[in-house]
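Reader: I would like to learn how to read a few local features of a protein model, one at a time. Could you give the general idea before each case?

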Amino acid sequence: LEALDRVPQLLQLDISYHAITRLQGLGRLTHLQELNLSYNGINRIENIFHLRQLRVLNLTGNQITTIPT
């Protein structure tokens, strides 16, 4: 996810089925509106709370057991 720093205006991102285990490299995607992270190895939600424009978040098929408030 390192190359994402070069596209801060990105609105949609689909990185499903990529064996991702941690949410990293999303820091500069402040315009992101849709994020598909389905069917990875994610077990907790982190590093996305700064994405104020995010409207759609797909985490289907991950091992998330709790959702932070």
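Author: Let us begin with pairing: two strands pair if DSSP finds at least two bridges between them. Please keep in mind throughout that this is a predicted model.

Reader: Which residue of S3 is the bridge partner of Leu35?

Author: In general, strands of a sheet pair through backbone hydrogen bonds, and the sense is either parallel or antiparallel. Here the partner of Leu35 in S3 is Leu57, and strand S2, residues 34-36, pairs with S3 in the parallel sense over three bridges.

Reader: In what order do the strands form the sheet?

Author: The sheet is open and is formed by three strands in the order S1-S2-S3, with parallel pairing. Strand S1 (12-14) and strand S3 (56-58) are the edge strands, each of them pairing on one side only, and the twist from one strand to the next averages 5°.

Reader: Let us turn to the loops. Is Asn40 buried or exposed?

Author: The idea is to compare the relative accessible area with a cut-off, since buried means under 20%. Asn40, found in the loop between S2 and S3, has a relative accessibility of 7% and therefore counts as buried.

Reader: Which backbone nitrogen does the side chain of Asn40 reach at 2.9 Å?

Author: That nitrogen belongs to His18, and a polar atom of the Asn40 side chain also lies 3.0 Å from the backbone nitrogen of Ala19. If neighbours within four places in sequence are left aside, the residues in contact with Asn40 include Ile15, Ser16, Tyr17, His18, Ala19 and Ile20, and also Gly61, Asn62 and Gln63.

Reader: What is the phi of Ala19?

Author: As background, most residues other than glycine have a negative phi. Ala19 is not a glycine, yet its phi is positive, at about 60°. Ala19 lies in the loop between S1 and S2 and, with a relative accessible area of 64%, is exposed. Tyr39 is another case, with a positive phi of about 55° although it is not a glycine; Tyr39 belongs to the loop between S2 and S3 and is partly exposed, its relative accessible area being 40%.

Reader: How many aromatic pairs does a search of the whole structure find?

Author: The search finds one. A pair of aromatic rings is described by the distance of the centres and the angle of the planes. In this case the pair is formed by Tyr17 and Tyr39, with 5.0 Å from centre to centre and 15° between the planes, and it is stacked. The pair links distant parts of the chain, with Tyr17 in the loop between S1 and S2 and Tyr39 in the loop between S2 and S3, 22 residues apart. Tyr17 is exposed, with a relative accessible area of 60%.

Reader: With which residues is Gly41 in contact, leaving aside its neighbours within four places in sequence?

Author: On that basis, Gly41 is in contact with Ala19, Ile20 and Thr21, and with Asn62 and Gln63 as well.

Note on methods
Residues are numbered from 1 along each chain as its sequence is written. This is a predicted model: local features need pLDDT of at least 70, side-chain atom pairs count only at pLDDT 80 or more; totals for chains, interfaces and linings use all residues. Side-chain values use heavy atoms; hydrogens and water are left out. Helices (H or I, at least four residues) and strands (E, at least two) are DSSP runs, numbered from the N terminus. Axes are lines fitted to C-alpha atoms, for helices over the stretch in contact, and angles run from 0 to 180 degrees between N-to-C directions. Buried means under 20% relative accessible area, exposed over 50%, partly exposed in between (1.4 Å probe, protein chains only). A polar contact is a pair of N or O atoms within 3.5 Å; within protein, one must be able to donate a hydrogen and the other to accept it, and residues adjacent in sequence count only if both atoms are side-chain atoms. Contact means heavy atoms within 4.5 Å. Rings of Phe, Tyr and Trp (its six-membered ring) pair if their centres lie within 6.5 Å; planes under 30 degrees apart count as stacked, over 60 as edge-to-face and the rest as tilted.
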